[in-house]
Amino acid sequence: MAEIIHPFYESHRGTMEAAMRHRLDLAEAMLCERADLSDIDRIRREVMDEFEIVLNQMPYVGGAASRMSDFFMRLMGFMAISRVLLRHGVPVSVIGEIERETYKAQLLTMPEAERLASGHQFMSSENQALLREQAAESMTESHQKEFPEDFVYDFVEPGPVDSFEFGINYKACGFCKFAARHGDKEILPNICGRIASSRMLPEN
């Protein structure tokens with residue numbers, strides 16, 4: 001049976017596709033200079049076609065009730081970019097550089113005040129309470145049975161001599177599960193690099 005896009009992701013398709021087109025705009029010069037690609041219009045079409053496939057493959061992990069849904073929506077598009085560039089013979093390391101700089105440029109299009117507010121919100125006591133709750137839920141047998149493709153993680157409280165405010169210890173990675181299922185292990189490290197950049201953005 002063919003996979004179809006989940007209604008939750010379908011409802012956000014317009015926003016995700018706009019983000020993809022923006023990334024391709026930001027990456028255009030790098031695609032020419034570093035990846036030695038000349039027919040950028042063709043690359044754009046191929047990436048958007050591949051993104052349609054990725055949308056159909058994205059696992060549902062609880063929709064708006066799960067903070068990890070936003071991770072998938074924000075970052076899974078890089079799977080589409082990576083797949084297309086890999087097919088065109090671009091080295092994985094170069095793909096990673098292009099995606100890292102493109103994502104950084106995209107984040108920097110946000111006003112500084114908004115970026116700072118996002119960081120403060122992530123570190124807030126309210127968000128920490130949400131992280132504790134969802135971390136505990138992710139560890140339960142019922143959640144893992146209902147959403148087997150989801151992340152599994154602990155909320156880490158600092159000890160008496162620790163200098164950090166809190167931590168997140170991932171026991172199972174949704175992107176690793178996706179890559180194993182769809183043959184994307186070669187490009188998986190590039191996605192891992194984007195996750196760290198996303199943690200300071202607002203949680204849904």
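## A first look inside this predicted model

About 60 Å³ of space lies in the largest cavity. A cavity here is a set of points, on a 1 Å grid over the protein atoms alone, where a 1.4 Å probe fits but cannot get out; its volume is the space filled by probe spheres set on the points, which are joined across faces, edges and corners. This is a predicted model, in which local features need pLDDT of at least 70, side-chain atom pairs count only at pLDDT 80 or more, and totals for chains, interfaces and linings use all residues. Residues are numbered from 1 along each chain as its sequence is written, and side-chain values use heavy atoms, leaving out hydrogens and water.

**The cavity**
- Searching the whole structure turns up one cavity of 30 Å³ or more.
- Its lining (residues with an atom within 4 Å of a point) is made up of R23, L24, A27, L31, F78, I81, L85, I98, E99 and T102.
- Helix 2 provides the largest share of that lining, with four residues; helices are DSSP runs of H or I with at least four residues, numbered from the N terminus.

- Beyond its neighbours within four places in sequence, M58 is in contact (heavy atoms within 4.5 Å) with Y9, M16, F72, M73, M76 and F178.

**Helix 4**
- Eight of the eight residues of helix 4 (68-75) are buried, meaning under 20% relative accessible area with a 1.4 Å probe, protein chains only.
- Among them are F72 and M73, two of the contacts of M58.

Terms used
On a 1 Å grid over the protein atoms alone, a cavity is a set of points where a 1.4 Å probe fits but cannot get out, and a pocket is an open set with protein on both sides within 12 Å along at least five of seven lines; lining residues have an atom within 4 Å of a point. Helices (H or I, at least four residues) and strands (E, at least two) are DSSP runs, numbered from the N terminus. Buried means under 20% relative accessible area, exposed over 50%, partly exposed in between (1.4 Å probe, protein chains only).
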